[in-house]
Amino acid sequence: MPPFSKEIRDEIKERDGEKCFGCDKPSDSVHHVCPESFGGVSNKENGLFCCRECHDVLDHLVIDMGVTPFGPLNELSDEFFRHGNPFKDIPEKDFWTLKR
């Protein structure tokens, strides 16, 4: 899956105002709420503007703990994923033990 297109980046920029989702600093980086490696898509709903520091924190939370800014991976709607949410049947307590 390619990164966010210019059109999608512009829509996210307009929605978020070019400010970091985490700290409100100016930002030009777009973060995947659900990572591409987990089947996440590059659409407006799955993107947030983030500074590098907050991007790293959000990556750690979702990859290591299964938590996104919109809730646990198993509670995200199918629109965040290419083929539906593969995590919806995994209890939140089991995210710590997933082999990624």
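Which pattern does the protein follow when read along the sequence?

Modeller: This is a predicted model, and along the sequence the protein follows the pattern α-β-β-α-β-β. The radius of gyration is 13 Å, close to the 13 Å that the globule rule gives for 100 residues, so the protein is as compact as a globular protein of that length. Buried residues make up 40% of those 100 residues.

The buried residues of H2 are Cys54, His55, Leu58 and Val62. Because these residues cover an arc of only 105 degrees around the axis, they lie on the same side of H2. An α-helix has 3.6 residues a turn, so residues three or four places apart point the same way. The buried residues of H2 pack against strand S1 (29-32), strand S2 (47-50) and strand S3 (67-68). After H2 comes Gly66, with a positive phi near 75 degrees.

His32 counts as buried because its relative accessibility is 12%, below the cut-off of 20%. The side chain of His32 makes a polar contact with the side chain of Ser42, at 2.9 Å. Leaving aside neighbours within four places in sequence, the residues in contact with His32 are Phe4, Val41, Ser42 and Asn46.

Notes: Residues numbered from 1 in each chain as written. Predicted model: local features only at pLDDT ≥ 70, side-chain atom pairs only at ≥ 80, totals over all residues. Heavy atoms only, no water. Buried < 20%, exposed > 50% of the residue type's maximum accessible area, 1.4 Å probe, protein only. Helix = DSSP H or I, 4+ residues; strand = E, 2+ residues; numbered from the N terminus. Arc of directions from axis to C-beta. Contact = heavy atoms within 4.5 Å. Polar contact = N/O pair within 3.5 Å; in protein donor to acceptor, adjacent residues only side chain to side chain. Rg over C-alpha atoms; globule rule 2.2 N^0.38 Å.
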